[in-house]
Amino acid sequence: MAAPILSGVRKLLKHVHFATIPRRHRHKKKWAATEPKFPAVRLALQNFDMTYSVQFGDLWPSIRVSLLSEQKYGALVNNFAAWDHVSAKLEELSARDFVNEAISHWELEPESGQSGAPSPASWACSPNLRCFTFARGDVSRFPPARLGSLGVMDYYLMDAASLLPVLALGLQPGDIVLDLCAAPGGKTLALLQTGCCRNLAANDLSTSRIGRLQKVLHSYVPEEIRDGNQVRVTSWDGRKWGELEGDTYDRVLVDVPCTTDRHSLHEEENNIFQRSRKKERQMLPMLQVQLLAAGLLATKPGGHVVYSTCSLSHLQNEYVVQGTIELLANQYSIEVQVEDLTHFRRLFMDTFCFFPSCQVGELVIPNLMANFGPMYFCKMRRLT
């Protein structure tokens with residue numbers, strides 16, 4: 001099954017037109033010994049300036065300064081802790097639960113303004129998630145999480161935009177769920193917080209990253225859930241999941257490896273723009289297509305998949321989604337439908353800044369007043 005995916009991906013990649021580098025940006029090698037050795041963060045910024053200035057036009061300068069500024073966080077309340085007490089403490093900091101506040105506002109809006117709104121089932125969020133953020137323009141920080149009275153940590157600090165793919169997945173009670181690229185564990189933890197997972201498979205190929213995932217689970221999830229049949233942690237090659245467990249899951253999250261744009265501008269360690277990782281970086285769209293295809297093949301007909309990245313690149317976002325859907329139609333005669341998330345975007349537009357021109361899916365762009373993201377996510381339904 002992997003062979004047709006691989007050949008299909010190669011065909012799709014031939015259609016990618018990578019932007020040519022303007023002459024003024026070209027670096028002509030004269031002597032190997034005198035080649036400038038730029039740090040990876042600088043190479044990342046040069047790459048983004050060339051590609052994103054074309055992709056985003058007049059929006060790029062504001063996105064750029066936001067990416068280079070301090071990131072904003074959210075506090076995901078741990079429902080396995082004394083969550084009501086934790087929520088009260090966070091409210092005392094003047095933070096607000098953006099999830100339940102948004103849903104409450106939506107439910108209170110007069111029906112006359114909802115004439116074109118879809119049924120609740122089509123935009124329903126995964127339930128029971130509570131995540132506190134400070135208001136737009138408020139750059140306050142949350143204090144580090146503490147061990148609570150029930151023996152687990154009170155809340156998990158994360159980019160609040162990272163919760164959107166889990167909310168968009170729309171878990172229902174009793175779902176069998178796969179988190180295909182689970183580490184370091186924030187989204188896996190959020191999936192468990194919904195209380196909907198009959199079984200959750202959390203997978204990541206990297207054994208070192210699996211260690212970080214296990215640490216998160218150990219710190220936030222009670223032992224009886226962690227060590228019972230409800231959670232299964234594996235370290236398999238996610239590209240082969242369609243062969244391993246095809247047509248199995250109700251909901252699949254495919255949060256793929258990407259250029260991790262914000263990390264690439266701030267951290268030299270594990271930076272994908274290091275010269276030694278150039279080939280790996282160029283192959284990312286192929287890997288992403290293979291992982292999304294595997295995630296869709298692992299889903300039951302009628303089930304849902306959310307694809308997500310923390311990159312602004314349309315080559316890693318919309319292109320991967322459209323290419324994978326084409327691949328599955330051609331190679332497997334499997335029909336996949338992209339779900340419209342317009343109402344989902346409206347639900348959370350008071351907290352996040354969304355890019356208005358995505359071809360498919362939604363993209364949270366960093367903004368100084370709401371410096372979350374980047375976070376791209378697209379919801380799909382496997383029809384056949």
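Start by selecting Cys181, in the loop between strand E5 (175-179) and helix H8 (186-193). Helices (H or I, at least four residues) and strands (E, at least two) are DSSP runs, numbered from the N terminus. This is a predicted model: local features need pLDDT of at least 70, side-chain atom pairs count only at pLDDT 80 or more, and totals for chains, interfaces and linings use all residues. Residues are numbered from 1 along each chain as its sequence is written, and side-chain values use heavy atoms, with hydrogens and water left out.

**Stop 1: Cys181**

Cys181 is buried, at a relative accessible area of 9%. Buried means under 20% relative accessible area, exposed over 50%, and partly exposed in between (1.4 Å probe, protein chains only). Show its contacts (heavy atoms within 4.5 Å). Beyond residues up to four places away in sequence, Cys181 touches Asn203, Asp204, Leu253, Asp255, Val256, Pro257 and Leu291.

Now colour the annotated positions. An unreviewed UniProt entry gives the feature "binding site" at Cys181, Ala182, Ala183, Pro184, Gly185, Gly186, Lys187, Asp204, Asp237 and Asp255. UniProt positions follow the numbering used here, feature names are shortened, and annotations may be inferred rather than shown by experiment.

**Stop 2: Asp255**

Move to Asp255, in strand E8 (residues 249-255). Asp255 counts as buried, because its relative accessibility is 17%. Leaving out residues up to four places away in sequence, it touches Cys181, Lys187, Ser308 and Thr309. Display the side chains of Asp255 and Lys187: a polar contact of 3.3 Å joins them. A polar contact is a pair of N or O atoms within 3.5 Å; within protein, one must be able to donate a hydrogen and the other to accept it, and residues adjacent in sequence count only if both atoms are side-chain atoms.

**Stop 3: Arg136**

Next, select Arg136, in the loop between strand E3 (131-133) and strand E4 (155-158). Arg136 is partly exposed, at 38% relative accessibility. Its side chain reaches the backbone oxygen of Met349 at 3.1 Å. Neighbours within four places in sequence aside, Arg136 contacts residues including Lys72, Asp350, Phe352 and Ala370. Then pick Asn371: the C-alpha atoms of Arg136 and Asn371 are 8.7 Å apart, across 235 residues of sequence.

**Stop 4: Arg262**

From Asn371, go to Arg262; the two are in contact. Arg262 lies in helix H12 (residues 261-266). Other contacts of Arg262 include Ser66, Glu70, Pro366 and Phe372. Arg262 is buried yet has no salt bridge. A salt bridge is a side-chain nitrogen of Lys or Arg within 4 Å of a carboxyl oxygen of Asp or Glu. The nearest side chain of opposite charge is Asp159, 5.1 Å away.

Key. Lys, Arg positive; Asp, Glu negative; His and termini not counted.
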